[in-house]
Amino acid sequence: MSQTNFNGTGEQEKALRECIAKHKSERGCLMPILHEAQEIYGYLPAEVQQVIAEELNIPLSEVYGVATFYTQFSLQPKGKHRISVCLGTACYVKGSDKILAAVERELRISCGECTPDGRFSIDSCRCVGACGLAPVMIVDDDVYGRLTEKDVPEILEKYMQD
């Protein structure tokens, strides 16, 4: 997995500390704080987890444990264009693993990573409910179905321009 450099701003840190102060006295405050922190930063870098742990006076391992247990949290930044390749049964049987490999080759990153320029990130999912279109890939809100490896470069090219 690629190592990312944290580039948080003072404005983001101020918003994070305000969020923590707002929820700190609530029972079970860690989840809402993590949700808001991810909204502020787009993901939950180690530096943000450290601030949360210190401000709540809890071990960093507890913050990390919650952040890694729930799938809605990400420890890696997400790209401007988010790609998700379905690896559910119908898609996998029809070759979605090859689609994922083609996306990884084209972007030169692995599943779960973000391109260095921040333009793309790749994830996989288990089912998008479009089994009749298998194999399926979603880019942002656009669904692409009945894909072959040859379709991947042309699809990605559409998103390279903006």
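Helices (H or I, at least four residues) and strands (E, at least two) are taken here as DSSP runs, numbered from the N terminus. I note at the outset that the model is predicted.

**Entry 1: chain layout.** I looked up the secondary structure and found seven helices and four strands in the protein chain. Following the sequence, I recorded the order α-α-α-α-β-α-α-β-β-β-α.

**Entry 2: extent and packing.** Along the principal axes, I find that the C-alpha atoms occupy a box of roughly 50 × 30 × 25 Å. Of the 162 residues in the protein chain, 41% are buried, with the cut-off for buried set at under 20% relative accessible area. I then turned to contacts with a separation of 6 or more and noted that 61% of them join residues 24 or more positions apart. For the accessible surface I recorded about 9,400 Å², with 49% belonging to carbon and sulfur atoms.

**Entry 3: the largest pocket.** I next examined the largest pocket, which holds about 430 Å³ of space. Its lining comprises 18 residues. Nearest the centre I noted Thr71, Phe73, Ser74, Lys78 and Asp123.

Which elements each supply at least two residues of this lining? I found α4 (60-69), β1 (81-86) and β2 (120-125). The largest share comes from β1, with three residues.

Key: Residues are numbered from 1 along each chain as its sequence is written. This is a predicted model: local features need pLDDT of at least 70, side-chain atom pairs count only at pLDDT 80 or more; totals for chains, interfaces and linings use all residues. Side-chain values use heavy atoms; hydrogens and water are left out. On a 1 Å grid over the protein atoms alone, a cavity is a set of points where a 1.4 Å probe fits but cannot get out, and a pocket is an open set with protein on both sides within 12 Å along at least five of seven lines; lining residues have an atom within 4 Å of a point. Grid points are joined across faces, edges and corners, and a volume is the space filled by probe spheres set on the points. Buried means under 20% relative accessible area, exposed over 50%, partly exposed in between (1.4 Å probe, protein chains only). Contact means heavy atoms within 4.5 Å. Accessible areas come from the Shrake-Rupley method with a 1.4 Å probe; for residues, only the protein chains shown count as cover.
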